[in-house]
Amino acid sequence: MRASSRRLGGNPGGSPGRSLRRLLCSVLLLGTAAFTGCGEEKLDEIIPLQVGEDSYRVEVARTPEERRRGLMGRDSLGRFEGMLFVFQRDQQLSFWMKDTSIPLSIAYISADGTIRSIHDLEPHSRRSVSSTRAVRYALELPRGAFERSGAQVGDTIGFPEDFN
């Protein structure tokens, strides 16, 4: 079947393959988000975070859908990029890497910004990695970033002043 980008809602003169891919991604994200490449689009909210000696630009996942999708389907993550998962209340959190191919480290962070635990995550692993206590945030960075930045358990993450 041949479809033009115009019929799929793309720009006239745009790539039909790209429009078809976006359509497929949209449909699949409503279901399971299992289509490789669908997660490549970054979230709208990106903030700077001070982690140890380094500054990172992190996407903020606030909604249940954003948190569920996380970094699934991504092929890469910049050295100073990551994702901050924000929850409405303190709770014990648990993350896994089922459809995530990027090697990551995760820090569980309390409401006041204190790092409570740091763990390395294995790509595609179904093993859950849980926080040891109730926390408000989970921060995923490229594997080894916390150590490289000099951040450790007990340190405080530097959130922007207007962050809530």
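Predicted model: local features only at pLDDT ≥ 70, side-chain atom pairs only at ≥ 80, totals over all residues.
Colleague: In what order do the elements of the protein chain run from the N terminus on?

Modeller: Start with the counts. The protein chain has three helices and eight strands. Now read them from the N terminus on: the order is α-β-β-α-β-β-β-β-β-β-α.

Colleague: What share of the residues in the protein chain is buried?

Modeller: A residue is buried when its relative accessible area is under 20%. The protein chain holds 164 residues, and the buried share of them is 39%.

Colleague: Which helix gives the largest share of the lining of the largest pocket?

Modeller: The largest pocket holds about 320 Å³ of space. It is lined by 19 residues, and those closest to its centre are Arg67, Arg68, Met72, Phe95 and Trp96. Helix 2, strand 3 and strand 4 (94–95) each supply at least two lining residues. The largest share is three residues, and it comes from helix 2.

Colleague: By class, how many residues in the lining of the largest pocket are charged?

Modeller: Asp, Glu, Lys and Arg count as charged. The lining has eight nonpolar residues and five polar ones, and the number of charged ones is six.

Colleague: How many salt bridges does the structure hold?

Modeller: Side chains of opposite charge can pair when their charged atoms come close. One group here is a network that links Glu65, Arg68 and Arg69. For the whole structure, the number of salt bridges is eight.

Colleague: How many residues apart are Lys42 and Glu81?

Modeller: Their side chains meet in a salt bridge, N to O, at 2.9 Å. Lys42 sits in the loop between helix 1 (16–31) and strand 1 (46–51), while Glu81 is in strand 3 (residues 81–91). The pair links distant parts of the chain, with a separation in residues of 39.

Colleague: Is Glu81 buried or partly exposed?

Modeller: Buried needs a value under 20%, and exposed needs one over 50%. Glu81 has 25% relative accessibility, so the class is partly exposed.

Colleague: Which residue meets Arg62 in a salt bridge?

Modeller: Arg62 counts as partly exposed, at 25% relative accessibility. The side chain of Arg62 comes to 2.8 Å, N to O, in a salt bridge with Glu45. Two loops are linked this way: Arg62 lies between strand 2 (54–61) and helix 2 (64–69), and between helix 1 and strand 1 lies Glu45.

Colleague: How far apart are the closest N and O atoms of Arg143 and Glu122?

Modeller: A salt bridge needs a side-chain nitrogen of Lys or Arg within 4 Å of a carboxyl oxygen of Asp or Glu. Arg143 and Glu122 form one, and their closest N and O atoms lie apart by 3.4 Å.

Colleague: How many residues does the largest nonpolar core have?

Modeller: Leu49, Val51, Val58, Leu84, Leu139 and Leu141 have the most contacts inside this core, and its residues number 19. Strand 1, strand 2, strand 3, strand 5 (104–109), strand 8 and helix 3 each supply at least two residues of these 19.

Colleague: How many residues are in the second, separate core?

Modeller: Leu43, Leu77, Ile102 and Leu104 are among its members. This second core is separate, and its residue count is 18.

Conventions: Residues numbered from 1 in each chain as written. Heavy atoms only, no water. Helix = DSSP H or I, 4+ residues; strand = E, 2+ residues; numbered from the N terminus. Buried < 20%, exposed > 50% of the residue type's maximum accessible area, 1.4 Å probe, protein only. 1 Å grid on protein atoms, 1.4 Å probe; cavity = no way out; pocket = protein on both sides within 12 Å on 5 of 7 lines; lining within 4 Å. Points joined across faces, edges and corners; volume = space filled by probe spheres on them. Core = buried A, V, L, I, M, F, W, Y, C linked by side-chain atoms within 4.5 Å.
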